[in-house]
Amino acid sequence: MCFSVGIAQETIVRGRVVDINSSEVLSGVAIKIQGTIFNAVTNAEGMFLIENIHTSLGEQIVVVKKAGYHTQKIAVTIQKGKTINLDPIFLEVDLTQIESKIGVIHLSDDELGQNEGDSFSISGLLQASGDVFLKAAAFDFSAAFYRPRGLNSANGKVLINGIEMNKQYTGRPQWGNWGGLNDVQRNREFSMGLKANDHTFGDIAGTTNIIMRASKYRKGGRISFATANRSYEGRVMASYHSGVSAGGWAYSVLLSRRFGNEGFRDGTLYDANSFFASVEKKLNDNQSLNLTTFYTPNRRGISTAITREAKDLRGIRYNPNWGYQNGEVRNSRIRVIEEPVILISHYWKIGDKVTLNTNLGYQFGKTGNTRIDNGGTRMITFNGQNSYLGGARNPFGNYYQRMPSYFLRFENPSPYQYQLAYQAEQEFINNGQLDWKALYLANTNSINLANGGNSIYAIQNDRTDDTQFTINSIFNTIISEKSTISGNLNYRNLKSENFAELSDLLGGTGYLDVDYFAEGDSNQAIVEVAQSDLRNPNRIITEGGRYKYNYELHASVFSGFAQAQFKYKAVDFYLGGMVSQTNYQRIGLFENGNFPGTASFGPSEKLSFTNFGVKGGLTYKITGRHLVDVNAGYITKAPNLRNSFSNPRQNNKVVIGLENEALQNTDVSYIYRSPIAKARLTGYYNTISGQSDISFYFTESVRGQENGNAFLQEVLTGIESRRIGMELGVEAQLTPTVKLKTAASVGQNTYTNDPNQYFTSEDFLGITNVSGIENGVLIPGEGTAKLENYHVAGGPERAYQLGFEYSAPDFWWIGVTSNYFSNAYIDISTLRRSDAFVTDFSGQPFNDYDPEIARVLLRQEKFDDYMLFNVVGGKSWKIKQYYIGFFASINNVLGEEYVAGGFESSRYADYRKVLEESKRETPVFGSRYYFGRGTTYYANLYVRF
């Protein structure tokens with residue numbers, strides 16, 4: 001493209017950007033002189049101006065970029081004291097890009113429905129990246145639970161309008177807070193790893209900033225309908241954006257609904273609505289004020305991991321959490337998220353070189369996870385002594401005593417036991433779901449009603465009601481033509497109410513709020529320790545009441561970061577630093593019977609953590625096509641709230657040996673880019689130390705209890721791990737219509753030490769005569785879990801892709817990928833890797849222990865390799881002023897059956913019991929697995945105007 005050059009006193013590049021189809025001016029278009037710091041953004045009239053260009057004279061490339069449009073690259077010759085007027089610059093809508101994003105962002109819908117702890121995927125973080133490898137990781141690899149560089153979403157940051165959205169409890173983003181807002185979340189900025197970022201210091205898995213400003217959306221509307229069989233069955237969505245008016249106002253609105261009786265797993269209902277509104281006012285040429293708010297209430301039925309025995313009998317869709325009630329499917333495990341978000345942002349351009357962005361964020365509402373409570377009881381009085389009578393059998397169809405393996409657990413089963421196993425098998429195949437009618441009958445039969453009518457079964461809702469306030473200021477300043485400085489100050493404050501809510505009495509009249517499994521030296525002692533709240537003993541709870549546990553968590557974080565970027569002809573580099581102060585405290589609202597007084601009631605001790613981070617990187621430009629990129633950083637982080645208190649539902653106890661986490665990351669990349677091909681080859685190395693982790697489970701393999709039975713809190717501290725590997729992404733535009741692409745990742749994620757380990761349990765209270773138990777804490781043997789050289793579970797360590805795309809000139813396209821996965825490992829039982837493995841319940845070593853056999857028993861399971869084929873495609877039409885488009889994808893076309901993840905059981909965790917299990921054809925307490933989906937589809941039809 002050629003342009004005339006005018007005479008001026010200053011060196012200037014100016015122009016106007018226009019939509020080639022509608023002839024409307026485009027605001028929010030990024031203009032940049034490639035390889036320099038000179039840039040601008042078009043205003044409401046589509047105009048831009050880049051001034052004082054003194055050091056970038058000669059032949060240059062002006063890059064014109066806006067989401068949803070083809071990027072323009074314009075060659076110009078900049079002369080000192082001259083003005084280049086690029087008016088008009090025409091941009092063409094990239095229909096292929098828009099269509100592909102319709103299916104891509106659907107991935108995060110799956111993530112929002114996962115149980116807490118089930119999903120650690122970072123695919124949602126990567127969707128804004130144009131990198132070949134990262135696109136493969138986000139779109140095709142995510143179905144296999146693949147984690148780039150072995151990291152999870154707690155190692156990355158998600159921002160909306162510059163405000164961090166990661167939860168302070170887990171450190172992970174809550175995808176459900178913005179589910180169903182696809183059409184207003186396409187403007188994303190992503191920086192991989194610790195690379196330079198203008199908004200925040202970042203984290204080792206990368207940072208995504210979702211821009212949801214009214215002025216940044218292209219004027220127009222969109223209506224779409226989608227159908228799928230993955231998580232929801234249908235979705236309708238409508239949005240409209242006003243653009244910036246002559247008076248400086250802009251607004252944007254969106255409404256959507258997602259629905260379905262079940263997704264790919266049986267009984268997984270989906271009921272979600274989404275509302276979004278944003279209003280922005282341009283106060284003057286240098287300032288604007290934006291209000292963004294969204295509310296995305298969603299309700300989903302949850303599935304769970306199952307044993308191979310259950311899968312072999314019922315298939316990969318089997319979900320034990322549901323059953324029929326009056327002819328309709330009812331899931332006992334429902335996850336609800338209702339957390340509105342309000343964001344207020346002030347944007348201020350202070351002169352030509354300084355910008356200041358100040359944000360306020362307020363989030364409130366609730367999340368809840370329901371489950372069946374089968375511990376209902378009633379109090380009886382005999383001879384002046386109170387005691388409790390009740391409790392009920394586990395009602396799920398896959399309960400181990402209902403499975404065929406339970407009847408064949410003996411060394412030489414008898415014909416009668418085989419008969420019982422066959423009957424159990426047929427019952428499981430035909431009726432292996434919840435029997436809701438039986439639960440209601442147990443609560444309403446004449447015997448129970450005659451004894452007060454307290455529910456034996458009930459629905460418990462584990463609630464978390466968060467209220468969070470955030471304020472930050474982000475500044476960017478141009479120091480010179482070759483350097484910029486960025487930074488921020490940030491404050492977050494959280495009040496989190498945590499309690500069990502009695503959601504449904506299932507026909508009963510009330511629920512006695514005591515622990516049926518409590519033990520003591522006398523009836524009176526049992527009555528006291530059984531109380532959930534000693535200040536309100538023997539309460540009868542009705543629906544909507546709080547019971548079992550009730551406490552608050554308070555957290556505050558103050559942080560700041562500064563970063564300097566330098567850009568030169570042959571090298572670009574950056575340096576950054578961060579400091580933070582984090583404070584936690586628990587406040588108990590119930591006085592637990594096992595932990596009376598301040599041990600559970602009132603404030604805990606205050607926890608305080610001071611942290612810092614440093615990072616740096618450089619890009620060396622060998623030529624315009626060949627680059628070397630190096631990044632390194634070191635961060636310390638406070639442990640998250642979840643891993644700071646050993647059992648917050650019962651007491652104020654802080655994790656023993658709690659410390660800051662330390663993360664080190666280094667990566668080196670070779671990058672090639674040309675008009676035909678682009679490629680990146682990266683080697684990475686990162687370590688994480690000082691991590692803590694808490695697990696809750698029932699076992700039959702712990703000392704201090706007869707038969708080894710106890711409900712445990714297992715605490716690990718000082719966990720160290722290492723991730724090392726390589727990534728490759730190559731994309732070649734062979735012809736104007738045909739593109740080939742390939743991606744590969746080869747890594748190894750392992751533990752590098754034996755972390756500290758201890759156990760707590762109410763069952764240990766009062767025990768003084770067993771080795772290793774003191775003050776309710778069990779430290780078996782050396783007090784370490786033997787984890788060194790075991791693999792950190794988290795999807796396949798190796799992933800490979802080969803694919804192609806065909807884009808026809810008349811706006812239809814298709815893409816096919818083949819994806820191969822290997823080296824995925826099960827999540828191991830750390831109880832089995834402790835000294836508890838070699839001792840009986842009295843703490844005495846097993847006299848028949850064989851180290852060679854033990855080595856086989858403790859070998860980490862490696863899942864089978866597998867290959868998945870995916871197909872995507874779409875077609876677009878322009879009819880007058882309307883754009884009509886269709887997009888469809890089919891994942892796992894051949895219906896490959898594979899294991900995506902899983903974990904070992906800790907029910908049996910000592911040498912003798914694990915050995916006994918290994919000799920059975922089907923273990924009674926086998927490992928549980930997350931089986932991948934079979935063939936799934938997603939299709940979307942939209943109209944844009």
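Me: In what order do the 3 strands of the open sheet stand?

Reply: Strands here are DSSP runs of E with at least two residues, helices are runs of H or I with at least four, and both are numbered from the N terminus. Two strands pair if DSSP finds at least two bridges between them. In this predicted model, where local features need pLDDT of at least 70, side-chain atom pairs count only at pLDDT 80 or more, while totals for chains, interfaces and linings use all residues. The order is β19-β50-β49, with antiparallel pairing. Because β19 (306-307) and β49 (899-903) each have a single partner strand, they stand at the edges, and one side of each lacks a neighbour in the sheet.

Me: How many bridges join β19 to β50?

Reply: There are 2 bridges, and β50 covers residues 928-931. Within this antiparallel pair, T307 lies opposite R928 of β50. Residues are numbered from 1 along each chain as its sequence is written, and side-chain values use heavy atoms, without hydrogens and water.

Me: How many helices and strands does the protein have?

Reply: The protein has 12 helices and 51 strands. Its radius of gyration is 30 Å, close to the 30 Å of the globule rule for 945 residues, so the protein is as compact as a globular protein of that length. This radius is taken over C-alpha atoms, and the rule is 2.2 Å times the number of residues to the power 0.38.

Me: What share of the residues is buried?

Reply: A residue is buried under 20% relative accessible area, exposed over 50%, and partly exposed in between (1.4 Å probe, protein chains only). Of the 945 residues, 55% are buried.

Me: What share of the contacts with a separation of 6 or more comes from residues 24 or more positions apart?

Reply: A contact means heavy atoms within 4.5 Å. Such residues supply 72% of those contacts in the protein.

Me: Which residue is joined to D87 by a cis peptide bond?

Reply: The partner is P88, and omega of the bond is about 5°. P88 belongs to strand β8, residues 82-91.

Me: Where is N326 found, and is N326 buried or exposed?

Reply: N326 sits in the loop between β20 (322-325) and β21 (328-331). N326 is exposed, at 76% relative accessible area. Phi of N326 is positive, near 55°, although the residue is not glycine.

Me: What is the phi of K548?

Reply: K548, likewise not a glycine, has a positive phi of about 70°. K548 lies in strand β33, residues 546-567, and is partly exposed at 27% relative accessibility.
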